[in-house]
Amino acid sequence: MTGSLRALAQQWLAADPDPQTQDEIQVLLAGPEEDLEQRFNGRLAFGTAGLRGPLAAGPQGMNRVLVRMTAAAIGQRLLEEHADPLVVIGYDARHKSEVFAEDSARVLAALGVRSCLLPEALPTPVLAFSVRHLKADAGIMVTASHNPRQDNGYKVYWADGAQINTPIDSEISAHLDALTPDIALASEGHALITQDTGALSEAYVAYAAGGVASHSAKDLSVVYTPVHGVGRVPLEDAFAASVFAAPVVVPQQADPDPDFSTVEFPNPEVPGTLDLALALAQDEQADLLLANDPDADRLIAGVPQDSGWRVFTGNEIGALLADHVLSKGQGADRLVATTVVSSRLLAAIAAHHGVHYAETLTGFKWIVRPGLANPDLRFVFGYEEALGFAIGDQVRDKDGITAALVFAEMASQVAEQGRTVVDLLHALWERHGVHRTGQVTRRFAGPNGGEIMANILETVRTRPPQALAGRPVTEVMDYAAGVNGLASTNALAFTMDGARVVIRPSGTEPLLKIYGEVIEPAAAGKAEMAETSADQALADLLEAASGLLSGESPDKRPDC
């Protein structure tokens, strides 16, 4: 095997146009055989709608050679289906993103495939919107979203505007397997490559602003951070088009920075990432804090309380937005959707409003599917607990900018009634019960991380817990067997009276995740008391569930 890997590395080196990764390959060829095997045995797999991984040489890293091969595989698959396909290509501000996008356009042009390249680093929702707006046959977004700074990624959409799914992903992967590193490129400025001049971003902003009532947040004081990403300008433009008050932007994080210099991880969920934003919001005595992740497809929000700022969880934002959206509209043909690891609260809200509810596997490549599969229904809202929200189906992916506008609209309207967003949440709890959720995660780095995770899950699968935190397990659901018509996935769920635990591997990072939820009734005016009780019950549940992850102590992160 070593000889064949060495030959592959030499072939890769000859095709690599990047001096940095050329040097990496030279070092690998001169170094220990196990290092070469780790980088050249296999390749990054198609996970969450494409590729994601560290910037590094070889097929196990994100680099120009792998990107060119992937673009060629996408082009070959498109030409099987279309005589004259069109691909929209966007990119964020991470290291190498722009050159990956330009390489992709040139590879597609060499195959005879037209592309429209967005003119600058822009949010993922702009690209997702543009696929449907242009009636394109596919979309490519170069982004690693909220992953660590050393990562980049390659997100692929198809003609329906949704992230690729089975069998498209496996068909592209098969084309990729058959390719060699020496991929042909068209010249720069080829006639099949068009450069958008900003019209697509303008169309997206108009769409986003059109989803909220004008002037509804004109007096709302908002502090905002894009966390060194690309969300600031489109969000400011959308606020202005909605005649909302301009947000105060955290200056240290206002401009794109691929090194994410003020945060350890560019993920708003990670403790510490919002410290600068919370300090500014306190100084400004703001009414609302909003934050996007670096590619602006996620949203987190917070409001002031007597005891300081309350930052809402993804499940809480999802419930609040869903109830607001459903209260604005009418019709029993409306559809809302969430995932098997998200809170059960959305199902109760849907039943209250008399609308359709769907539950999917994790990820927006699944969340939008019930709407596509049921064209007689109107998809009005979908969310996942990891801060992803879709309002309507023009953007068939999570969209942190439209979600920010709608959250601001909601906060402004409730303020006019002399109430707060926390009051809205408490009203939902009094109606449906307090739903408190949290996570336990453990990272498995290194070449054997995937195997270790698989072994842990198999152990839990074959010896499931009989009880957790003193609550007897009443139902075990193994999603690998396909549950309720869902595709097979490596996840397990344990249901108890008033509680639920789900365990699954992350689709984008080497993590095992345990999701816990506790549901407790809340009498009128007693939501805070019920919340305190639920918080303790959740902590007990997560502590018990963490025992399912054998070995070193996990990173326990209740999101309450």
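Student: Where does Ser242 lie?
Tutor: Ser242 is in the loop that joins α9 (232–241) to β8 (248–249); helices (H or I, at least four residues) and strands (E, at least two) are DSSP runs, numbered from the N terminus. This is a predicted model, where local features need pLDDT of at least 70, side-chain atom pairs count only at pLDDT 80 or more, and totals for chains, interfaces and linings use all residues. Residues are numbered from 1 along each chain as its sequence is written, and side-chain values use heavy atoms, leaving out hydrogens and water.

Student: Is Ser242 buried or exposed?
Tutor: Ser242 is buried, at 1% relative accessibility. Buried means under 20% relative accessible area, exposed over 50%, and partly exposed in between (1.4 Å probe, protein chains only).

Student: And which residues does Ser242 touch?
Tutor: Not counting residues up to four places away in sequence, Ser242 touches Ala209, Val212, Ser214, His215 and Leu405, with contact meaning heavy atoms within 4.5 Å.

Student: New topic: how many aromatic pairs are there?
Tutor: There are eight aromatic pairs in the structure. Rings of Phe, Tyr and Trp (its six-membered ring) pair if their centres lie within 6.5 Å; planes under 30 degrees apart count as stacked, over 60 as edge-to-face and the rest as tilted.

Student: Why is the pair of Tyr204 and Tyr207 tilted?
Tutor: Their planes are at 50°, so the pair is tilted, and the ring centres are 6.2 Å apart. Tyr204 and Tyr207 are three residues apart in helix α8 (residues 199–209), about one helical turn.

Student: Buried or partly exposed, those two?
Tutor: Tyr204 is buried, with a relative accessible area of 0%, while Tyr207 is partly exposed at 24% relative accessibility.
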